[in-house]
Amino acid sequence: MSSDPVLKNLSKLPGVEAPLALKDEGPLSKLKRVGRPIRELRKIPTKQLVFYSKNKEPTFTYDIKYKLPVKKHNIVIQVKAVGLNPVDLKIINSYTSNFNSFRGIGREYSGVITHVGSDHAVEWKEGEEVCGIFFHPNGFGTLASSIQIDPSVDSIIRKPKNLSFVTGGSWIYTFGAAYQLLNTVKNLNQSSRVLINGGSSSVGLMLMQILKTYFKVEDIVSIVAGSALDLVKRYGTKLAINYKVNPDIPHVLEVLTATGIYKDFNPEGEPTDTSINSGKFDLVIDCIGGYTLVEESRKFLKSSSEGGKYITLVGDVKYNYSKDIYNDWNGAFVNARSMFGTAWSINYTKFEFNPRDKEFLPVGAEMLENGEIVNVIDSVYEWSSFTKAAKKLKAGAHGKIVLQVEDF
Ligand SMILES: NC(=O)c1ccc[n+]([C@@H]2O[C@H](COP(=O)([O-])OP(=O)(O)OC[C@H]3O[C@@H](n4cnc5c(N)ncnc54)[C@H](OP(=O)(O)O)[C@@H]3O)[C@@H](O)[C@H]2O)c1
């Protein structure tokens, strides 16, 4: 029992002792501060650009974290730059109502490896600069401070040394599409005659360079806007036709293939004649879509029995990045294929890029490193300016639109 009368009186319950007084152990300042133990980081925090639906602006999330240690089959990459492709807008367009869950944006990237799972420790090292495709249309995207990939699924390659992160993070999708498409065509050679509808598109610019340097094709004709005439000539086009001042392109092509002469005006307004070898095209590659060209292609394209081929990347309707949705062009395409294919003996096919195919990556990296091809950049934006970048893509870019990812 306490001898302190004040404490004694605090005890209200009979038989229960009052609390004891604390011994005087000196001022509290004598207590020592002890540092908290350093805990190991259990997760990699990330910042990612995501969307909920086409009706809502993309937004940043910090909710996605990768567990540490990374799984043995994974590699984590700090992303530096991401090429924006029409497929990114098509995926966003596919989601019309707001869901509770978000989805990522971006399918290609360049960056630096930060973590390597044990399965890949021999092949990949932390600090290596890489680029690749991370194609998960309904899942995460590459517009993220870090991505976690599985190299057995997601194609990855060392970034060509002469490329910046911007050029290194934006060549793969368009090169892959162009290279795979051209490899579906048999007997392409120096004497082949090729027409590219939409030569100033990112895929078109890759197509003409691969045609010229890899297949040694000389006669490449492109249909572009007047502002892209010089650009496409710089990258392999022999003759460029301005679709903005030639309302009847099929007729222009008919005259060109019959006579070998193209009449135009130079910037000073004087009439000019450009000559190429006459003869119908062996191959038409359509990066724009629509009926206009294909429905009159007999006038300038060899028939299927003569080996002529019309390949579209888009389909029967001209592309529209504000409306087109991912994987939705088969129905419309099938109609035209049966109509033109059977009735007019035109070999009209669709092409679809396979982003999981790994064969084209080393070919493209080598061609870029050797300077045989160039990844043409239209413009670069910070990733916080995604909406501006998307607007530019919709308005008509002449080369790649690239987003830079800030360090996080
Ligand atoms: N099927 C597949 O697997 C696959 C793969 C890759 C791409 N694609 C599709 O292929 C198309 C091209 O892709 P991309 O990334 O290369 O496109 P992009 O870089 O956005 O280029 C589109 C280009 O078309 C030009 N253009 C617009 N209207 C035209 C017309 N009437 N005639 C000629 N040129 C015109 C635009 O410039 P101006 O407006 O200044 O003329 C712009 O340079 C897209 O529709 C894309 O979705 C399909």
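Helices (H or I, at least four residues) and strands (E, at least two) are DSSP runs, numbered from the N terminus. By this rule the protein chain has 11 helices and 20 strands. This is a predicted model, in which local features need pLDDT of at least 70, side-chain atom pairs count only at pLDDT 80 or more, and totals for chains, interfaces and linings use all residues. Residues are numbered from 1 along each chain as its sequence is written.

**The shell around the ligand**

- Helix 4, helix 5 (202–213), strand 12 (219–224) and helix 11 (386–396) each contribute at least two residues to the shell around the ligand.
- Helix 5 supplies the largest share, three residues.
- Of the 28 residues around the ligand, those that come nearest are Pro 86, Ser 201, Val 203, Phe 353 and Gly 396; a residue is near if its C-beta atom, placed from the backbone, lies within 6 Å of the molecule.
- The shell lies between domain 1 (43–171 + 376–404) and domain 2 (185–350), because both give residues to the shell; the domain bounds come from an automatic or database domain assignment.

**Contacts**

- Two residues are in contact if their C-beta atoms, placed from the backbone, lie within 7 Å.
- Leaving aside neighbours within four places in sequence, Ala 178 is in contact with Val 203, Met 206, Leu 207 and Ile 210.
- Among contacts in the protein chain between residues at least 6 apart in sequence, 68% join residues at least 24 apart.
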